[in-house]
Amino acid sequence: MSDSTAREEPELVQLLTPDGEYVPHPDYPFDPTPDHVRGLYRDLVLVRRLDAEAVALQRQGELGLWASLLGQEAAQIGSGRALQPQDMAFPSYREHGVAWCRGVTHRDLLAMFRGVTNGGWDPYEHNFHLYTIVIGSQTLHATGYAMGVQRDGALGPDGTAVITYFGDGATSQGDTNEAFNYAAVNNAPVVFFCQNNQWAISEPSERQTRAPIYRRAAGFGFPGLRVDGNDVFACLAVTRDALQRAREGQGPTLIEAFTYRMGAHTTSDDPTRYRASEEAEEWRRKDPIARVRSYLVREGMADDDFFAGVDAEAEKLGEQVRTDCRALPDPAPLDIFREVYAEPHSHLDQQRAEFADYLASFEGAEGAAR
Amino acid sequence: MSGTELTLGKAINAGLRRAMEDDPKVLVMGEDVGRLGGVFRITDGLYKDFGPDRVIDTPLAESGIIGTAIGLAMRGYRPVCEIQFDGFFFPAADQTFTQLAKLRARSEGRLTLPVVIRIPYGGGIGAVEHHSESPEAYFTHTAGLRVVTVANPEDAYWMIQQAIACDDPVVFLEPKRRYWDKATVHTGGSPAAATPMGAARVARAGTDLTLVAYGPMVKVALQAAEADTEHSIEVVDLRSLSPVDYDTVFESVRRTGRLVVAHEAPVTSGLGAEIAARVTESCFYHLEAPVIRVGGFDTPYPPSRLEEHYLPDLDRILDGVDRSFAF
């Protein structure tokens, strides 16, 4: 059986080579000013540090779980920094870099993985929806939200765009494909940002799809493209372009950010069981942070003092992450019943009252409550 | 009070129309709900009067309907989703159970999702497979959802409006074999002034036995009560299945001492089992007999030529009544 579509080498949008050379792209303008690039470098370093601290905190028993973003910093910071304040993002559960760009604090991110909440932040305050754990579900929420934006008449040059994040594994889900179709049929202002990190836990991307992911968009009737997911310049430029198209009423875009999950799926995973270390070695040479550093040095945009300053800031952040994580208070037992319903629900109200009485029955007793 | 003669289906239609007139954020969405007006014509005329932005013909994908409704609700809309038939709900189960029902709690109350899921349910119309099921127990077992059903046009008119006005997700089960039943509907007043959505209703007063039913079974229960000339049977129409108005049920059972619960759904782990357990806990010393359940069998819904044997009818309900009195 032959399939030329599957074999043809896809075009990859790249603005910054792994060696740190900036190569302008005719379709995706980017202005690498010193301040801009230094800002991106700082973002990348700090979220990598936040991530590393969280992995360590999980190892120490302070977090129940952590899904590391290691290797995917450029895809997340690039797309995250392309967002306007009014734009709405619908993440999966690994988008700590996007969360960072949206002003979600490390404390709120850690709260969920520590198990003190199933959410953690106000989606409306940050225009960043809660992490969604069931794979692909959020793509439909984003599409519906974008349909609401259309109905609000909030499109235009300064209008609102929506972005949703998911991985290569999610492209196998019905919901993701339904979202592609709903978005296409409604011409909804949504950007589908797929971080193809090559692995859905233990399954390589060839177990998810035969044709390159970005090409699926054509079948649904909207543009798709593949970008170097380890190139923060390119990720920013292509996402900004897609968001602008969306906000101006030109409909959805699928961006496949071609990247690599350098770490385990989560802290519960053991990638040595299913993939060769040489593969990670190869991707290490395409590291998203090293190439920005090379660029800054090559262009003389940053000196040792700058890099030392960012490192010091990372140290400080790490310390803050550790302190804040340990300081997160456990919720109270009756919080189980909080906000299940907006309006009173007699069954639940009764259960809460009975459980409160049960808890109260231990008060004063020996070995009370716990 | 002035009234209009309406079928149950037309009453839902009129209620939807009024909700859309009262609140521009109310949207209707689903398969064939636009130009066609839905396969049962429940959304008839809405597309013409409110346009495609508010009456959305969706692609044929139920998970997409509920999933996008969640996003629309997050953006401030009040989507009323139509699932074409009970058996077609299941592709939307994931979005309903893992997202819609749980997002309020997950967000600690920061997200309010006033989504209504309308589902024509139950049997009795001679349909092919997947068109006659009673899935209410799946919904009542799920925290975060409210579940209601209606048995007459008056409730249909008001409760659809109340469901839309409710800030919680509401599963609105429509007894499809009663769509064509007619009665007077009093359209004056407001949804807030009508009988609350969560309240049960004593549909027929009696003294010897309480017969609890809801949705399509209320009519059968009333017929059974009339047919039993030996006993005075009280019929309670639950209306709300989550929460159940237990105060009304308990008050009745404490007076009559006997309870039969009837529903089309299979009895095992059905709502009748839950009601039996609750009544046993709360009315134990008032009971003259165990609670009797009359319902569908623990089988797939049968081919339509067999459904009259599957659906509890007047005689099966009276058989349950006899078993209670024989105890």
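What share of the contacts in chain A with a separation of 6 or more comes from residues 24 or more positions apart? The figure is 77%, with two residues counted as in contact if their C-beta atoms, placed from the backbone, lie within 7 Å.

## Ground rules

This is a predicted model, so local features need pLDDT of at least 70 and side-chain atom pairs count only at pLDDT 80 or more, while totals for chains, interfaces and linings use all residues. Residues are numbered from 1 along each chain as its sequence is written, and chains are lettered from A in the order in which they are written.

## Chain A overall

Chain A carries 14 helices and seven strands; these are DSSP runs numbered from the N terminus, with helices being H or I of at least four residues and strands E of at least two. Its radius of gyration, taken over C-alpha atoms, comes to 22 Å, close to the 21 Å from the globule rule for 370 residues, so chain A is as compact as a globular protein of that length. That rule is 2.2 Å times the number of residues to the power 0.38.

Along the principal axes, the C-alpha atoms of chain A fill a box of roughly 75 × 50 × 45 Å. Of the 370 residues in chain A, 46% are buried, meaning that 20 or more other C-beta atoms lie within 10 Å of the residue's own.

## Where A meets B

Chain A and chain B each put 34 residues into their contact. On the chain A side, H7(A) gives the most, with eleven residues. Helices H6 (123-126), H8 (174-186) and H14 (346-360) of chain A are among those that supply at least two residues each.

By class, this side of chain A has 14 nonpolar, 13 polar and seven charged residues. Here Ala, Val, Leu, Ile, Met, Phe, Trp, Tyr, Cys and Pro count as nonpolar, Asp, Glu, Lys and Arg as charged, and the others, Gly among them, as polar.

## Two domains in chain B

Chain B splits into domain 1 (4-185) and domain 2 (201-326), with bounds from an automatic or database domain assignment. Their centres, over C-alpha atoms, are 26 Å apart. The contact between them takes 25 residues from domain 1 of chain B and 21 residues from domain 2 of chain B. On the domain 1 side, helix H6 (136-140), strand E6 (146-149) and strand E7 (170-175) of chain B give two or more residues.

Terms used: Buried ≥ 20, exposed ≤ 12 C-beta atoms within 10 Å, placed from the backbone.
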